[in-house]
Amino acid sequence: MTYSTPLEARFEGNDGTRAIIDVAMRAAQPHQLEPGNFYTLVTPGGGVQKVDLTGPEHTGVPARKSGTTLVRDVDSFLAYFDKHGDSNTEVYADVERRTITAVLDAHTDEDARWGGHRVELHLRETSAWRAWTSMDGQLVPQGQFAEFIEDNLVDLVEPTAATMLELAESFEVTTSAEFQSSQRLDSGARKFSYVEEQTGKAGHKGDITIPATLTLALRPFEGTEPYKVIARFKYRLDKAKGELRLGFKIERPGDVLAAAFADIRTLIDSDVPMAVLNGAPTHR
């Protein structure tokens with residue numbers, strides 16, 4: 001039976017041979033190893049040492065593209081896609097999160113890939129959209145409402161900015177009650193019913209028509225075009241405090257956001273060579 005033993009063990013009893021090996025080992029000149037290759041070396045003890053120079057710390061080049069880049073507008077998304085995407089890239093639109101993700105190194109038909117190089121479009125609401133929606137459904141004192149209108153005049157389409165500002169500053173409400181009927185109760189007392197009406201007027205001479213709705217032009221997300229937004233004008237006189245409160249209620253703001261996201265998806269779908277999938281890629 002044959003056994004494999006280290007080199008020095010095989011020549012342990014032969015001093016002359018051992019001396020020759022030692023001299024040869026010391027006389028051998030070192031050789032420079034090339035990065036990017038894999039080597040096996042025989043050690044002085046007769047063993048084998050593996051040297052792996054294929055890693056990025058030796059070559060200076062990452063083994064593969066990886067990481068997720070976050071962008072805020074369609075142009076940036078498409079620019080990154082054009083630079084790194086290929087025919088097997090997958091694009092997903094997540095309606096709930098309002099994000100669009102491209103997995104640039106997605107699996108091919110035949111081969112698996114890492115799926116770790118991505119670009120994500122995260123839409124951010126504009127300051128104008130946040131300002132109007134933060135006041136949505138509120139009734140605030142007249143002075144506060146006039147100040148809000150003055151700060152956001154640029155978003156008004158109808159009524160005009162000047163008309164709306166004058167309306168907010170000069171708006172007045174009067175209350176009247178009209179008795180409609182009476183009823184004699186069993187106790188002999190009489191019960192009256194009446195309808196109370198609040199009427200409003202605006203303008204220095206009461207000559208401004210009070211609008212039922214406001215028409216706004218708002219960009220829901222950064223980098224999008226303005227969308228038509230309708231808000232119902234509301235007012236109420238707090239008789240206990242003698243205070244007039246004004247406000248508005250935006251009609252279905254969620255539909256405006258959904259429409260804006262759908263338009264962005266359509267824009268990307270028309271520019272990339274593959275269909276945009278409804279959903280989200282596997283989390284990494």
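1. Residues are numbered from 1 along each chain as its sequence is written, and side-chain values use heavy atoms, without hydrogens or water. As the model is predicted, local features need pLDDT of at least 70 and side-chain atom pairs count only at pLDDT 80 or more, while totals for chains, interfaces and linings use all residues.

2. Helix 4 spans residues 74-84, and its buried residues (under 20% relative accessible area, with a 1.4 Å probe and protein chains only) are Val74, Phe77, Leu78, Tyr80, Phe81 and His84. They cover an arc of only 165° around the axis, taken from the directions from the helix axis to the C-beta atoms, and therefore lie on the same side of helix 4. The face turned away from that side carries Asp75, Asp82 and Lys83, which are exposed, that is, over 50%.

3. The buried residues of helix 4 pack against strand 3 (67-71), strand 4 (90-94), strand 5 (99-103), strand 6 (117-122) and helix 8 (253-269), where contact means heavy atoms within 4.5 Å. Helices (H or I, at least four residues) and strands (E, at least two) are DSSP runs, numbered from the N terminus.

4. The structure holds 5 aromatic pairs, counted for rings of Phe, Tyr and Trp (its six-membered ring) with centres within 6.5 Å; planes under 30 degrees apart are stacked, over 60 edge-to-face and the rest tilted. In one of them, the rings of tryptophan 132 and phenylalanine 148 have centres 4.9 Å apart and planes at 80°, so the pair is edge-to-face. Both tryptophan 132 and phenylalanine 148 are buried, and ring pairs link Trp132, Phe148 and Phe248 into a cluster.
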